[in-house]
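Let's take a friendly walk through one protein model, one feature after another.

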Amino acid sequence: MAVNHYENFPVASLLLPPHLRAAVAAIYAFARSADDIADEGDASPPQRLAALASYSRQLDLIEQGARCDAPIFDRLQPVITQYSLPIQPFRDLLSAFSQDVVTTRYARHDDLLDYCRRSANPVGTLMLHLYGQANAVNLHQSDAICSALQLINFWQDVAIDWQKGRIYLPLEDLDRFGVSPRDIQQGQVDQRWRQLMQFELDRTRALMLSGAPLAHRLPGRIGWELRLVVQGGLRILERIEAVGGDIFTRRPRLGSRDWLVVGWRGLTWRGRTGR
């Protein structure tokens with residue numbers, strides 16, 4: 001799941017087993033604060049990178065079994081120890097956040113997926129470890145779901161990211177459909193833009209559905225949580241389609257009626273079509 005405030009998926013926290021809530025809160029605090037270092041405030045790029053490097057040094061201490069000296073890591077260290085969590089997903093998150101400081105364009109779709117591999121997939125990996133479900137098949141399908149969620153967030157936030165100087169739409173796709181960065185700047189919604197967005201939505205939906213069987217295979221609350229997360233992501237794609245890709249003036253987000261749809265689909269979904 002993409003870290004960015006989890007705004008599309010608030011239901012997930014309600015379904016967490018009580019005994020895991022403190023652990024998830026510690027992981028979230030780490031990810032949220034590191035993301036804010038990269039993205040919020042008026043610090044210079046070197047200052048942001050230095051602050052993220054200090055987080056990496058705290059992970060080194062955890063890996064060495066030494067005591068951490070920062071409050072966020074005081075909470076995180078016992079969680080990592082208790083659940084034998086791998087350190088690499090935390091390092092991957094820091095790598096992605098550092099990349100956000102220095103990278104504002106992605107040439108190819110594969111480059112963007114590599115970013116998703118580090119910005120989103122680690123969260124799913126850590127959740128599977130917490131639940132004791134981190135086998136190879138589950139991790140592969142979790143990666144597909146998490147990357148799709150990150151991409152959905154990008155398509156939803158094209159205009160917002162432009163204000164930060166970033167374009168996550170692959171440049172090769174812009175060229176393919178004849179869309180320029182200036183079109184994004186001007187919020188130009190024409191046939192070229194709609195075709196580009198539909199191309200990205202279709203590809204993202206296919207990625208999400210490739211990982212969706214995981215939601216039916218996982219037992220108990222985690223399975224139900226993941227069904228709603230998948231359906232929430234698919235619903236956002238539908239909302240973007242419904243406005244013809246015009247995320248500039250009508251940024252899609254899930255309201256109460258959408259969550260009723262998501263809940264119904266989660267209850268009735270048999271795992272074949274994603275609905």
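Predicted model: local features only at pLDDT ≥ 70, side-chain atom pairs only at ≥ 80, totals over all residues.

Is Gln64 buried or exposed? With a relative accessibility of 63%, Gln64 counts as exposed, because the cut-off for that word is over 50%. Now look for Ile152: Gln64 and Ile152 are 88 residues apart along the chain, and their C-alpha atoms are separated by 37 Å.

**Two residues and their contacts**

Next, find Ile37, which lies in helix α2. Once its neighbours within four places in sequence are left aside, Ile37 is in contact with Arg48, Ala51, Leu52 and Tyr55. Val262, on the other hand, is 225 residues from Ile37 in sequence, and the two are 33 Å apart in space, C-alpha to C-alpha.

Val79 belongs to another helix, α4, made of residues 71-82. Val79 is buried, because its relative accessible area of 8% falls under the 20% limit. Which residues touch Val79, if its neighbours within four places in sequence are left aside? They are Ala23, Ala26 and Leu85. Ser98 sits 19 residues from Val79 along the chain, with 24 Å between the two C-alpha atoms.

Now turn to α2 (residues 18-39) and α5 (residues 88-102), and then to α7 (residues 121-131). The table shows how their axes pass one another.

| Helix pair | Axes come within | Crossing angle |
|---|---|---|
| α2 and α5 | 8 Å | roughly 20 degrees |
| α2 and α7 | 11 Å | roughly 155 degrees |
| α5 and α7 | 9 Å | roughly 160 degrees |

Let's take the pairs in turn. The axes of α2 and α5 cross at roughly 20 degrees. That angle is under 35 degrees, so α2 is roughly parallel to α5. The crossing of α2 past α5 is right-handed. On the α2 side, the contact is made by Ile27, Phe30, Ala31, Ala34, Asp35 and Ala38, while α5 brings Phe90, Leu93, Leu94, Phe97 and Val101. Sorted by class, the residues of this contact between α2 and α5 are 10 nonpolar, no polar and 1 charged.

What about α2 and α7? Their axes cross at roughly 155 degrees. This angle is over 145 degrees, so α2 and α7 are roughly antiparallel to each other. Their crossing is right-handed. Leu20, Ala23, Val24 and Ile27 of α2 make the contact with Leu126, Met127, Leu130 and Tyr131 of α7. The class count for α2 with α7 is 8 nonpolar residues, no polar ones and no charged ones.

The remaining pair in the table is α5 and α7, with axes that cross at roughly 160 degrees. Here too the angle is over 145 degrees, so α5 is roughly antiparallel to α7. α5 passes α7 in a left-handed crossing. Pro89, Phe90, Asp92 and Leu93 in α5 meet Pro122, Val123, Thr125 and Leu126 in α7. By class, the contact of α5 with α7 has 6 nonpolar residues, 1 polar and 1 charged.

**A loop residue to look at**

Where is Ser84 placed? Ser84 is in the loop between α4 and α5. Most residues other than glycine have a negative phi. Ser84 is not a glycine, yet it has a positive phi of about 50 degrees. Ser84 is also exposed, with a relative accessible area of 59%.

**The cysteines**

A disulfide is a covalent bond between the sulfur atoms of two cysteines. How many disulfides does a search of the whole structure find? The search finds 0. Cys116 is buried, with a relative accessible area of 0%. Cys68 is buried as well, at 4% relative accessible area.

Methods
Residues numbered from 1 in each chain as written. Heavy atoms only, no water. Disulfide = S-S within 2.5 Å. Buried < 20%, exposed > 50% of the residue type's maximum accessible area, 1.4 Å probe, protein only. Axes fitted to C-alpha atoms, helices over the stretch in contact; angles between N-to-C directions. Helix = DSSP H or I, 4+ residues; strand = E, 2+ residues; numbered from the N terminus. Parallel < 35°, antiparallel > 145°, perpendicular 65-115°, else oblique. Left-handed = near helix turned anticlockwise from the far one by under 90°. Contact = heavy atoms within 4.5 Å. Nonpolar A, V, L, I, M, F, W, Y, C, P; charged D, E, K, R; others polar.
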